[in-house]
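Here are a few notes to read with the model open beside you. Take them one at a time and find each spot as you go.

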Amino acid sequence: MEEAPAERRHVPVLLDRCLDLLAPALDTEAPVVLDATLGMGGHTHAMLERFPHLRVVGIDRDPQALELAGRRLQRFGSRFASIHTTYDHIADAAAAAGVERVDGVLFDLGVSSLQLDERERGFAYSFDAPLDMRMDSRAELSAYTVVNEYSEARLRDIIFRWGEDRFAPRIARAIVAARADAPLRTTAQLVDAVRSAVPAAAQHKKGHPAKQTFQALRIEVNEELDVLERAIPAAVETVRVGGRVVAMSYHSLEDRIVKQEFARGARSTAPRGFPVELPEHQPVLKVLTRGAERADEQETLENPRAASARLRAVERLRETTTPGSAR
């Protein structure tokens, strides 16, 4: 069966709001934006359409996403370029555009529509597929390895920390018991193990009972939060004064990292009781959103994946006195 084009497989979340937040920073002669999570190119396509002088460099670790987005964005010629890497390599992406500083950085975090919809990738608990969950199919670590080789204690820690699941001890114990007979090879086998561990009364309180376990495994396999903790400061350091960073997250762990990094840059570092705030103590960032903005009811109805989106944005106010640090 012929593969559907990217524009029919993905509806960008909070698209107009993202572009509106970036727009004031793009009023220059030759603006450059880094789309740190290119996916199937929905946000980038809209940016290139709306801002005719804009160049975008798209970052993605998924070769399939880069191929699909490349086809979709081919008509923009030299205004679009892509780089295969993780989104903490912001400086490499800027170098690919031939600049040291960019005007904007956009993050649309989490698992992409492509990865969820490709059943054989093993990201979705609703389809039976091989246990994989690699965003980059060339990476070594897969969910199969985590599920079948990690100790019970390590599984418990991952599911509790990355899945925020209070039944983590029971789930880890059930996984270890299930794999004792034979390795767990499919998502359905993993779902069965999780269901056996979660009390019936609690199985649908937060949606599917395996949702949090799958989230935890995906984060572990792809080192998502470690990468994000490096990526947000790198993005702040790479935008010029007046440049903006816009970040969308889809669960509390991602949002907490974004919120904390943005808040840190927006605080004065003047010592308590200091009579005068020196320039080097002044905030580096201005927060542009009041809390985390959410999709409205209409967008959520039309695009259910928008329901959990949380949007935050900042503008860079000044240079930092210490190279390589935006804090």
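Which helices do the buried residues of α7 pack against? Keep that in mind while you look around; this is a predicted model, by the way.

1. Start with the helix itself. α7 covers residues 152-163, which makes 12 residues. From its first C-alpha to its last it reaches 15 Å, close to the 16 Å expected at 1.5 Å a residue.

2. Now pick out Leu155, Ile158, Ile159, Trp162 and Gly163: these residues of α7 are buried. If you look down the axis of α7, its buried residues fall within an arc of 100°, so they line one face of the helix.

3. Back to the opening question. The buried residues of α7 pack against α6 (143-149), α8 (168-179), α10 (211-222), α11 (224-238) and α12 (252-266).

4. Next, hop over to strand β1, residues 32-35, which is covered on both faces. Val32 and Leu34 are buried on one side, and Val33 and Asp35 are buried on the other.

5. What joins β1 to β2 (residues 55-60)? The answer is 4 bridges, and the two strands run parallel. Val33 has Val56 of β2 as its bridge partner. To get from β1 to β2, the chain passes through helix α2 (residues 42-50), in a right-handed β-α-β crossover.

6. β1 is also joined to β4 (residues 102-108), by 3 bridges, and these strands run parallel. Here, look for Asp35 standing opposite Leu106 of β4.

Conventions. Residues are numbered from 1 along each chain as its sequence is written. This is a predicted model: local features need pLDDT of at least 70, side-chain atom pairs count only at pLDDT 80 or more; totals for chains, interfaces and linings use all residues. Side-chain values use heavy atoms; hydrogens and water are left out. The expected span of a helix is 1.5 Å times one less than its number of residues. Buried means under 20% relative accessible area, exposed over 50%, partly exposed in between (1.4 Å probe, protein chains only). The arc is that of the directions from the helix axis to the C-beta atoms. Contact means heavy atoms within 4.5 Å. Two strands pair if DSSP finds at least two bridges between them. A crossover is right-handed if, with the strands pointing away from the viewer, the path from the first strand over the helix to the second runs clockwise.
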